Amino acid sequence: MGSGSLSNDGLDAMIISIPHDKTAIEFCGAHIDLFTVSPEMEVTRFRGSKTSLGYQNDGELLPLETHEIPLDQGLSFVVTTDGIPTQIGNEVRRSYGNKRMSAKMHEAADNSPKAITRSLMRDFRSWQGSEERRDDITLFAFKPLELEL
């Protein structure tokens, strides 16, 4: 919309930076979290800032925290939009939640991005049942040390 609009739209976003030396990644999320899954299936959550971008804020800089995460051998990373943890379940009428999401990542066959996304999405579909989807869903899993940079 043009300037002077009454619109107050915003968005959730994240930025991940991987330097050429591949020693760490930098993550900054606006209402999006990042999870790591170790080869031992330990899941760690790095919380994004509790703010979204684009809302009218009188030109103030938004307080967005940046996390620097060492790139250990075999570490996988998972990013999702809030459509997964906030989805209401068909049977129990509660949200899926970050604890359940972390548990399903932990229960994956291994920490490959494919195994993690399979475990998570299989359980998520079952959880959702015939309940209407309430938000967009994006799930992105990767292993940076296996990427060609």
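Tutor: Helices (H or I, at least four residues) and strands (E, at least two) are DSSP runs, numbered from the N terminus. By this reading, the protein has two helices and seven strands, in the sequence pattern β-β-β-β-β-β-α-α-β. This is a predicted model, in which local features need pLDDT of at least 70, side-chain atom pairs count only at pLDDT 80 or more, and totals for chains, interfaces and linings use all residues. Residues are numbered from 1 along each chain as its sequence is written, and side-chain values use heavy atoms, with hydrogens and water left out.

Student: Which residues form the covered face of strand E5, and which the uncovered one?

Tutor: In a regular strand the side chains alternate between the two faces of the sheet. In strand E5 (residues 66–70), His 67 and Ile 69 make up the covered face, whereas Thr 66, Glu 68 and Pro 70 make up the uncovered one.

Student: How many bridges join strand E2 to E5?

Tutor: Two strands pair if DSSP finds at least two bridges between them. Strand E2 (residues 24–30) runs antiparallel to E5, with five bridges joining them. Within E5, Thr 66 is the bridge partner of Cys 28.

Student: What share of the protein counts as buried?

Tutor: Buried means under 20% relative accessible area (1.4 Å probe, protein chains only). Of the 149 residues, 40% count as buried.

Student: What share of the contacts with a separation of 6 or more joins residues 24 or more positions apart?

Tutor: Contact means heavy atoms within 4.5 Å. The share is 63%.

Conventions:
Buried means under 20% relative accessible area, exposed over 50%, partly exposed in between (1.4 Å probe, protein chains only).
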